[in-house]
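Please read it beside the sequence and the model.

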Amino acid sequence: MIQDIYPHIYNNTFEPGVKPSNDDIIFSFEEDQVLMKDEHQFYHYHEISKESICYYLFSIDDTKFFLADLTSLNHIKVSFRTMRTFEDQMLGFAAITAWHLYRWIQDNKYCGKCSHPMDFDQKERAMRCPHCSNIVYPKISPAVIVGVTNDKGQILVTKYARGHYQSYALVAGYYEIGETIEETVKREVKEETGLDVTDIQYYKSQPWSFSSSLLFGFWCKAHGDQPIQMDESELRVARWANRDEEINTLDDASLTSEMIQYFKQGKVV
Ligand SMILES: [Zn+2]
């Protein structure tokens with residue numbers, strides 16, 4: 001998965017006032033585009049103007065990552081989505097995590113309560129209104145990825161009705177307010193496929209900055225011979241797949257792909 005960058009170590013401890021060193025990496029974005037020196041390289045601090053205002057994001061090993069406005073430099077733009085399979089996975093993970101923080105900062109330039117320009121808080125990773133003290137933390141939306149299996153040892157696979165992702169997926173959806181995350185699992189499976197599920201078991205989580213999400217992977221069972229009633233506004237495919245079937249997924253960056261592989265390897269009964 002994209003966050004599996006071991007032996008590299010990601011460190012997101014909040015450290016205000018950290019200054020960049022020459023070899024540190026400076027990310028810059030415009031909407032959903034990443035600004036790069038060329039298609040293989042991001043900018044280092046020694047390559048940018050010393051007048052640039054750099055906001056510290058996080059570090060990986062000894063490299064610190066900052067956000068700055070590099071639009072005046074000679075750059076190319078690439079879609080943030082290409083970071084999903086960037087040649088250096090550690091840098092791809094860093095870039096998409098930085099983009100998540102960039103989006104949060106862009107969306108909170110002004111206070112939602114009093115419209116005053118927001119400042120960066122000095123004690124924690126948050127935006128603070130200097131006028132009314134409103135605090136806004138990074139937006140992170142919980143969501144579930146659900147591997148549903150049946151009594152025949154099959155797995156429920158889906159294809160989304162909309163969007164750019166046309167490979168096989170699992171039932172997925174956002175947490176709704178007032179429910180437990182296990183209730184999210186039951187509700188999403190019921191809404192998308194009409195199935196009632198039991199035996200809900202937590203599997204793994206994944207930070208998924210492409211949609212400002214934290215994904216929770218679960219396994220569960222749909223017992224008996226329940227018919228699939230697909231929600232056509234959400235899905236264009238919802239069907240049972242056998243373990244030995246070829247199930248194409250986009251790449252191995254996502255929790256969805258890992259869960260499908262885990263099932264195919266016979267690790268879920
Ligand atoms: Zn305010």
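Helices (H or I, at least four residues) and strands (E, at least two) are DSSP runs, numbered from the N terminus, and two strands pair if DSSP finds at least two bridges between them. The model is predicted, so local features need pLDDT of at least 70 and side-chain atom pairs count only at pLDDT 80 or more, while totals for chains, interfaces and linings use all residues. Residues are numbered from 1 along each chain as its sequence is written, and side-chain values use heavy atoms, with hydrogens and water left out.

**Strand pairing**

- Strand 15 (residues 198-208) and strand 16 (residues 213-222) run antiparallel and are joined by seven bridges.
- P207 has L214 of strand 16 as its bridge partner.
- The two form a hairpin: four residues lie between strand 15 and strand 16, and S212 in the turn has a positive phi of about 50°.
- Three strands make an open sheet in the order 9-10-11, with antiparallel pairing. Its edge strands, each pairing on one side only, are strand 9 (119-120) and strand 11.
- Two bridges hold the antiparallel pairing of strand 10 and strand 11, where M127 stands opposite V136 of strand 11.

**Helix 1 and its surroundings**

- Helix 1 (residues 89-107) has 19 residues and reaches 27 Å from first to last C-alpha. This is close to the expected 27 Å, where the expected span is 1.5 Å times one less than the number of residues.
- Buried means under 20% relative accessible area, exposed over 50%, and partly exposed in between (1.4 Å probe, protein chains only).
- The N-terminal end of helix 1 is capped by D88, with a side-chain oxygen 3.0 Å from the backbone nitrogen of M90.
- R84 lies in the loop between strand 8 (76-79) and helix 1. R84 is buried, at a relative accessible area of 15%.
- The side chains of R84 and D251 are joined by a polar contact of 2.7 Å. A polar contact is a pair of N or O atoms within 3.5 Å; within protein, one must be able to donate a hydrogen and the other to accept it, and residues adjacent in sequence count only if both atoms are side-chain atoms.
- G112, in the loop between helix 1 and strand 9, counts as exposed at 76% relative accessibility.
- G112 and S167 are 55 residues apart in sequence and 38 Å apart in space, C-alpha to C-alpha.

**Pocket and cavity**

- On a 1 Å grid over the protein atoms alone, a cavity is a set of points where a 1.4 Å probe fits but cannot get out, and a pocket is an open set with protein on both sides within 12 Å along at least five of seven lines; lining residues have an atom within 4 Å of a point.
- Grid points are joined across faces, edges and corners, and a volume is the space filled by probe spheres set on the points.
- The largest pocket holds about 960 Å³ of space. Its lining has 32 residues, and Y160, Y165, Y174, W208 and S211 lie nearest its centre.
- Elements that each supply at least two residues of this pocket's lining include helix 1, strand 14 (171-174), helix 2 (181-193) and helix 3 (255-264).
- The pocket lining has 16 nonpolar, seven polar and nine charged residues. Ala, Val, Leu, Ile, Met, Phe, Trp, Tyr, Cys and Pro count as nonpolar, Asp, Glu, Lys and Arg as charged, and the others, Gly among them, as polar.
- There is one cavity of 30 Å³ or more. The largest cavity has a volume of about 30 Å³.
- I2, F93, I96, P207, W208, S209 and F210 line the largest cavity, with helix 1 and strand 15 each supplying at least two residues.
- By class, the lining of the largest cavity has six nonpolar, one polar and no charged residues.

**Backbone exceptions**

- Most residues other than glycine have a negative phi, and most peptide bonds are trans.
- Y6 and P7 are joined by a cis peptide bond, with omega about 15°. P7 lies in the segment before strand 1 (10-11).
- S133, not a glycine, has a positive phi of about 65°. It is in the loop between strand 10 (127-128) and strand 11 (135-136), and is partly exposed at 46% relative accessibility.
- D199, also not a glycine, has a positive phi of about 55°. D199 is in strand 15 and is partly exposed, with a relative accessible area of 47%.
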